[in-house]
Amino acid sequence: MAIGLKFDKQKILGKDYRDITAALQLDQLFGKLTLREAKPLFAFEDDLTQPRNADGSYPQASTGEILGIDVDLRSSVQSEVIKFTIVGVTPADFEALGIAFNDEVVLEGIRVAYYAIPQGGNRSNNGYKLFAEGISKAGAVKAEVPKKDDKMPKK
């Protein structure tokens with residue numbers, strides 16, 4: 001991490017991330033966003049009934065709990081499809097918004113989070129995860145979507 005930059009750790013969906021949102025200009029980072037795909041994000045836990053993997057971890061099994069919606073969005077600035085997790089929105093809530101393929105969308109409460117997972121030696125698995133608290137069709141009248149509970153800390 002760069003000298004002089006200190007980003008607080010935030011717990012989002014039960015995992016710790018460094019929230020770097022404050023250091024970014026989000027409107028310039030993503031530009032116009034259009035929907036490509038949306039699917040539920042399920043919670044997973046260790047399946048202790050199965051033998052361990054080669055790395056010593058247990059295989060993962062879905063608990064059936066829906067944590068939110070993963071959406072693939074085409075960014076006009078990034079010129080590629082990027083994945084956001086909309087926290088606490090159920091598939092029924094998302095369907096009620098009437099957002100279809102290639103519709104322009106607006107995200108509320110965007111969080112850009114950095115993660116680094118040590119892999120041993122000098123290696124690590126690192127990258128960025130993108131979260132949002134809500135989604136709506138661009139130009140649509142904003143309707144309140146009921147929240148399951150607060151899974152993402154407030155700014």
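Visitor: By class, how many nonpolar, polar and charged residues does the lining of the largest pocket have?

Guide: This is a predicted model. In the lining of its largest pocket, eight residues are nonpolar, two polar and four charged.

Visitor: Which residues lie nearest the centre of the largest pocket?

Guide: Leu13, Lys15, Leu41, Phe42 and Leu67 do, out of 14 lining residues. The space in this pocket is about 350 Å³. Strand 2 (15-19), strand 3, strand 4 and strand 8 each give two or more residues to the lining. Strand 3 gives the most, with four.

Visitor: Now the core. Which residues have the most contacts inside the largest nonpolar core?

Guide: Among its 21 residues, those are Phe30, Val71, Leu73, Phe84, Ile86, Phe94 and Leu107. At least two core residues come from each of strand 3 (33-46), strand 4 (60-75), strand 5 (80-87), strand 6 (104-108) and strand 8 (123-132). A separate core has nine residues, including Ile12, Leu13, Leu41 and Val87.

Visitor: Is Ser75 buried or exposed?

Guide: Buried means under 20% relative accessible area. Ser75 has 1%, so it is buried. Ser75 sits in strand 4.

Visitor: Which backbone oxygen does the side chain of Ser75 reach?

Guide: That of Phe30, at 2.6 Å. Leaving aside neighbours within four places in sequence, Ser75 is in contact with Leu29, Phe30, Lys32, Leu33, Glu80 and Ile82.

Note on methods: Residues are numbered from 1 along each chain as its sequence is written. This is a predicted model: local features need pLDDT of at least 70, side-chain atom pairs count only at pLDDT 80 or more; totals for chains, interfaces and linings use all residues. Side-chain values use heavy atoms; hydrogens and water are left out. A nonpolar core is a set of buried Ala, Val, Leu, Ile, Met, Phe, Trp, Tyr and Cys residues joined through side-chain atoms within 4.5 Å. Buried means under 20% relative accessible area, exposed over 50%, partly exposed in between (1.4 Å probe, protein chains only). A polar contact is a pair of N or O atoms within 3.5 Å; within protein, one must be able to donate a hydrogen and the other to accept it, and residues adjacent in sequence count only if both atoms are side-chain atoms. Contact means heavy atoms within 4.5 Å. On a 1 Å grid over the protein atoms alone, a cavity is a set of points where a 1.4 Å probe fits but cannot get out, and a pocket is an open set with protein on both sides within 12 Å along at least five of seven lines; lining residues have an atom within 4 Å of a point. Grid points are joined across faces, edges and corners, and a volume is the space filled by probe spheres set on the points. Ala, Val, Leu, Ile, Met, Phe, Trp, Tyr, Cys and Pro count as nonpolar, Asp, Glu, Lys and Arg as charged, and the others, Gly among them, as polar.
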